[in-house]
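Please open the model in your viewer and keep the selection tool at hand.

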Amino acid sequence: MLGGDEFISSPPRKTVRFGGTLTDILLKYEKGDTTDFELLKHQLSDPDIKDAQIINWLHEFRASVAYLTKELEQLVNILLKLPWLRRSREVVEEYLGFLGNLVSAQTVHLRPCLRMIVSQFVPPRITIREDDVDISDSDDDDENLSENFNTCHRALQTVARYVPSTPQFLMPILVENFPFINKSERTLECYVHNLLRVTVYLPTLRLQILELIIEKLLKLDVSTPQQDIEDAEETANNSDNEEKSREEGLFDMEEDEERKGNKVVSSSSERMAHPLAERLDILMTILFSYIKDVCHVDGKLDINNTKDLYRDLVSVFDKLILPTHASCHVQYFMFYICSFKLGLAEAFLDHLWKKLHDPNNPSVIRQTAGSYIGSFLARAKFIPVVTVKACLDLLVNWMHKYIDNQDTGANAYCDVALHGPFYSTCQAVFYTLIFRHKQLLDGNLRKGLSYLQSLNFERIVMCQLNPLKICIPSVVNLFAAITRSKKTIDPFYQFWEELSAEDLENLKKPIKRGTSEDEDDDFLKGETPQNDGVVGIAPNSYESNTRSPVSSIGSPPDCYVPYPQ
């Protein structure tokens with residue numbers, strides 16, 4: 001077998017062919033003699049064409065690209081349909097050389113070349129028919145799939161090297177070729193993976209590619225209601241349990257013990273029962289992996305790479321996530337990248353805060369930003385208490401100023417349409433306290449109580465805007481409770497901890513002034529005591545709304561703007 005350079009410089013192999021040289025054929029065609037030209041097209045379209053024939057023709061075409069003008073578009077399209085990917089290394093190398101020569105000499109063929117390459121970003125399609133119904137889809141058993149994808153990216157890089165404007169022509173083609181969500185999981189997985197690979201060597205496209213992928217994920221997300229996912233999982237679990245009960249006793253003793261010892265898990269337990277949820281979960285896992293790989297070099301966090309990716313993801317978040325209603329899962333890409341460094345989490349909170357308190361932003365955007373602040377502060381384990389307190393101070397001070405401005409006005413009454421951002425901020429603060437009250441009061445009880453009292457929640461909940469009427473949440477199921485991709489999020493995620501009956505009873509007891517610090521510690525036991533403001537109202541108000549169902553992990557959502565989970 002010849003080496004790369006040796007092969008390129010070697011003469012073409014002698015093969016059986018018809019007609020004259022390629023130049024002769026093309027010159028005859030220009031003069032109106034199409035006989036040999038039609039024979040040439042027939043030879044190139046032959047499904048049984050041999051490697052040696054392909055190499056021979058490509059070698060001549062490389063030397064004759066000047067003739068391949070717009071008028072010969074049909075011939076070029078035939079060349080672009082040659083089965084070059086699954087051929088010998090010699091064919092692949094000759095074809096890559098041909099592509100480079102073609103686009104550099106005839107940029108008119110750039111788009112067809114790009115379409116041909118992008119069409120290979122998914123597994124080859126196989127034809128399957130059942131009862132005269134075409135159910136064809138991707139071939140998942142192609143052993144050379146990974147190598148073929150690598151070759152496709154080499155081809156794309158070759159084209160981009162010869163034509164610097166490639167990115168602007170490529171992006172619309174990437175959008176057009178994105179598979180429909182009803183395609184196989186493998187097809188979607190391969191396409192998204194290959195899109196993300198493009199960002200490595202064409203970094204100017206990264207933001208647009210991330211927008212494209214996340215837009216598609218959002219469509220999957222909002223078309224897959226959380227309740228439907230949970231119902232499908234429950235049905236699947238019940239089915240598995242019934243199957244297990246039927247099988248118990250059939251194959252026990254040594255074989256059963258061996259199975260337990262090896263911790264064999266059925267393949268069905270590794271998949272989501274809802275087909276769209278399974279697709280979403282697979283694609284989210286790919287996105288998480290991409291974020292991790294970009295941000296880490298040799299296992300260590302690369303600050304510059306991370307900051308650059310963070311900026312792109314925040315831009316996508318603003319453009320797609322904030323305006324989208326009923327998104328439950330996709331927004332976790334921000335949660336994940338912020339877990340890498342506290343500075344990123346604080347920057348994201350500051351970004352959301354600016355969205356919330358800017359009166360020039362649409363009310364729905366301000367409300368959603370407030371909801372995300374509450375969800376983020378409550379859920380992110382990597383955010384320390386000192387940052388939580390700083391955010392609470394900022395939010396509560398803004399709430400008090402808002403009340404000051406409304407007290408003497410004509411709009412000082414409960415109305416979501418008028419005061420949506422205010423209620424969203426209240427919800428964010430209440431939500432944060434429910435999850436973080438133990439940490440806020442941990443260590444020094446008196447300081448903790450003093451801090452909560454300084455926030456003056458009594459004034460907030462008793463004001464004429466009556467936030468409790470709007471903001472009291474109900475328990476909902478959360479993303480992290482059911483996915484596979486949740487494994488990426490779990491280490492950083494603060495789960496809802498339900499209060500026991502004893503805890504709730506203790507919360508109703510009044511604080512006796514003058515008690516010792518030890519007695520306060522005994523009383524507290526990590527819970528929020530009955531006190532002025534929200535401490536006196538929230539426990540009783542929330543009691544009927546904060547009980548998690550046995551089958552899932554719950555948390556209080558927003559009532560008027562779906563709470564980001």
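How many salt bridges does a search of the whole structure find? The search finds 13 of them. Please bear in mind throughout that this is a predicted model.

**The whole chain**

Begin with the entire chain displayed as a cartoon. The chain has 27 helices and eight strands. It comprises 565 residues, of which 48% count as buried. Switch to a surface display: the chain exposes about 27900 Å², and carbon and sulfur atoms supply 50% of that area. Among the contacts with a separation of 6 or more, 77% are accounted for by residues 24 or more positions apart.

Select Lys 70 and Glu 73. These two residues form a salt bridge, in which the closest N and O atoms are 3.3 Å apart. Lys 70 counts as partly exposed, at 44% relative accessibility. Glu 73 likewise counts as partly exposed, at 29%.

Next, select helix H10, which covers residues 185–201. Within it, display the side chains of Arg 186 and Glu 189, which meet in a salt bridge of 3.5 Å, N to O. The two residues are three apart in the helix and are therefore separated by about one helical turn. Arg 186 is partly exposed, with a relative accessible area of 31%, and Glu 189 is partly exposed as well, at 26%.

Now select Arg 206 and Asp 312. Their side chains meet in a salt bridge of 2.9 Å, N to O. Which helices hold the two partners? Arg 206 lies in helix H11 (residues 206–222) and Asp 312 in helix H15 (residues 303–321), so the pair ties together parts that are 106 residues apart in sequence. Are these residues buried or exposed? Arg 206 counts as buried, at 14% relative accessibility, and Asp 312 counts as buried at 17%.

**Aromatic rings**

Clear the selection and turn to the aromatic side chains. A search of the whole structure finds 21 aromatic pairs. Select Tyr 29 and Phe 37 for one of them: the ring centres are 3.9 Å apart and the planes meet at 25°. Planes under 30 degrees apart count as stacked, so this pair is stacked. Tyr 29 is partly exposed, with a relative accessible area of 28%, whereas Phe 37 is buried, at 2%.

Then select Phe 335 and Phe 382. This aromatic pair is edge-to-face, with 5.4 Å from centre to centre and 70° between the planes. Phe 335 lies in helix H16 (residues 332–338), while Phe 382 lies in the loop between helix H18 (363–379) and helix H19 (385–407). The pair therefore ties together parts that are 47 residues apart in sequence. Phe 335 is buried, with a relative accessible area of 7%, and Phe 382 is buried, with a value of 18%.

Together with Phe 335 and Phe 382, they form one aromatic cluster.

**A charge over a ring**

What sits over the ring of Tyr 451? The charged end of Lys 389 is found there, 4.5 Å from the centre of the ring.

Methods:
Residues numbered from 1 in each chain as written. Predicted model: local features only at pLDDT ≥ 70, side-chain atom pairs only at ≥ 80, totals over all residues. Heavy atoms only, no water. Phe/Tyr/Trp six-rings, centres within 6.5 Å; stacked < 30°, edge-to-face > 60°. Buried < 20%, exposed > 50% of the residue type's maximum accessible area, 1.4 Å probe, protein only. Helix = DSSP H or I, 4+ residues; strand = E, 2+ residues; numbered from the N terminus. Lys NZ or Arg CZ within 6 Å of the ring centre and 35° of its normal. Salt bridge = Lys/Arg side-chain N within 4 Å of Asp/Glu carboxyl O. Contact = heavy atoms within 4.5 Å. Areas by Shrake-Rupley, 256 points an atom, 1.4 Å probe, with all protein chains shown as cover.
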